[in-house]
Each structure stands twice: as structure tokens, then as C-alpha cells.
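User: I'm new to this one and would like a walk through it. Can you take me around, one question at a time?

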Amino acid sequence: MTDYVSIRDLSVAAVIGVHPWEREIEQTLTFGVDLAADVSRAAVRDDLADALDYSAVAEAIAAVVRAGRFRLIETAADRVAGHLLATFPLTWLRLELRKPIADGGYTAVITIERPLP
């Protein structure tokens, strides 16, 4: 049996992009993530210490993206996924990263899946 913890619509302001003007501003990225983790112990004990702390996951996503100052959303998504798998008790994740394109009138989206390495 697999349990999932999900975070939706996490907005993170960060420097990201390949154009010179993008390197000088913050843009808002939006994340959605599905995390495979065993929640049975937390459910039985009703104790955050046994749970996958989604607040800590959200903070970790934001910290990686802000510190990275990535050029590509592919790189940002991959680094966030690697950090989450290394930091939290996960067996799998699916991560979606959305970047509105200010001068294009559309949103670029990347979705990646990663198993535990």
C-alpha cells in the first residue's frame, strides 16, 4: 500500500531564467508535489513527529529554489526533487513546477517523477 502527501499551489519568489533581465528580478514559481510516504504510524499515534511534515517540505522547496538562482526550470525541479528525496522519508515523488512567462502570455510547466535513489 502506498500513501501520498501532497502540496499544491506553493508560490516561491526566486531569481530564475536565462535572459539578462530575468537575472535581476524575482519571478513567482508555483509548485505542486506528490510524495509517497508511509503515513500509518502518524495516523495511529496522531503525532507530528511520526508524520511527513508538509510545512518542512514546503520550506525546503522554497530554500532550494531561492538559493539556487537557476537558469532553467528543469534544473530547479531536479534539484528540489533530489533534495526532498535525500532529506525526507520518501520512496517516490512527482513534482510540477510552473513559471508564468511574462512576455509570452503563457505558463511553462515541467513535471518530473523520481524514485528513491
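This is a predicted model: local features need pLDDT of at least 70, side-chain atom pairs count only at pLDDT 80 or more; totals for chains, interfaces and linings use all residues.

User: How far does α2 reach from its first C-alpha to its last?
Analyst: Helix α2 has 15 residues. At 1.5 Å a residue, the expected value is 21 Å, and the helix comes close to that. Its reach is 21 Å.

User: Which residues of α2 are buried, and what covers them?
Analyst: In α2, the buried ones are V57, A58, A60, I61, A62, V64 and V65. A helix makes 3.6 residues a turn, so positions three or four places apart point the same way. As for the cover over the buried residues of α2, it includes β1 (4-14), β2 (27-36) and α3 (73-87).

User: What is the order of the strands in the sheet?
Analyst: The protein chain has three helices and four strands, and going from the N terminus its elements run β-β-α-α-α-β-β. The four strands form an open sheet with antiparallel pairing. Their order is β1-β2-β3-β4.

User: Why is one side of β1 and of β4 left without a neighbour in the sheet?
Analyst: β1 and β4 (106-115) each have a single partner strand, so one side of each has no neighbour in the sheet. From one strand to the next, the twist averages 15°.

User: How many bridges join β3 to β4, and which residue stands opposite L93?
Analyst: Strand β3 (residues 92-101) and β4 run antiparallel, and ten bridges join them. Along this pairing, L95 stands opposite I112 in β4. For L93, the residue opposite in β4 is R114.

User: Which residue takes a positive phi in the hairpin of β3 and β4?
Analyst: That hairpin has four residues between the strands. The phi in question is near 75°, and the residue is G105.

User: What does I7 touch, and is it buried or exposed?
Analyst: I7 sits in strand β1. Leaving out residues up to four places away in sequence, I7 touches F31, G32, V33, Y54, V57 and A58. One of these, Y54, is 47 residues away in sequence, yet its C-alpha is 7.2 Å from that of I7. With 10% relative accessibility, I7 counts as buried.

User: How many aromatic pairs does a search of the whole structure find, and how are the planes arranged?
Analyst: The search finds one aromatic pair. In it, the ring centres of Y4 and W92 are 5.6 Å apart and the planes stand at 80°, so the pair is edge-to-face.

User: Which parts does that pair tie together, and which of Y4 and W92 counts as buried?
Analyst: Y4 belongs to strand β1 and W92 to strand β3, so the pair ties together parts 88 residues apart in sequence. Y4 has 51% relative accessibility and therefore counts as exposed. At 19%, the buried one is W92.

User: What is the distance between the C-alpha atoms of S40 and A102?
Analyst: S40 is in helix α1 (residues 40-45), and at 35% relative accessibility S40 counts as partly exposed. The C-alpha atoms of the protein chain fill a box of roughly 50 × 25 × 20 Å along the principal axes. S40 and A102 are 62 residues apart along the chain, and their C-alpha atoms are separated by 43 Å.

User: Last one: what share of the residues in the protein chain is buried?
Analyst: Among contacts between residues at least 6 apart in sequence, 59% join residues at least 24 apart. The protein chain has 117 residues, and the buried share is 40%.

Key. Residues are numbered from 1 along each chain as its sequence is written. Side-chain values use heavy atoms; hydrogens and water are left out. Helices (H or I, at least four residues) and strands (E, at least two) are DSSP runs, numbered from the N terminus. The expected span of a helix is 1.5 Å times one less than its number of residues. Buried means under 20% relative accessible area, exposed over 50%, partly exposed in between (1.4 Å probe, protein chains only). Contact means heavy atoms within 4.5 Å. Two strands pair if DSSP finds at least two bridges between them. Axes are lines fitted to C-alpha atoms, for helices over the stretch in contact, and angles run from 0 to 180 degrees between N-to-C directions. Rings of Phe, Tyr and Trp (its six-membered ring) pair if their centres lie within 6.5 Å; planes under 30 degrees apart count as stacked, over 60 as edge-to-face and the rest as tilted.
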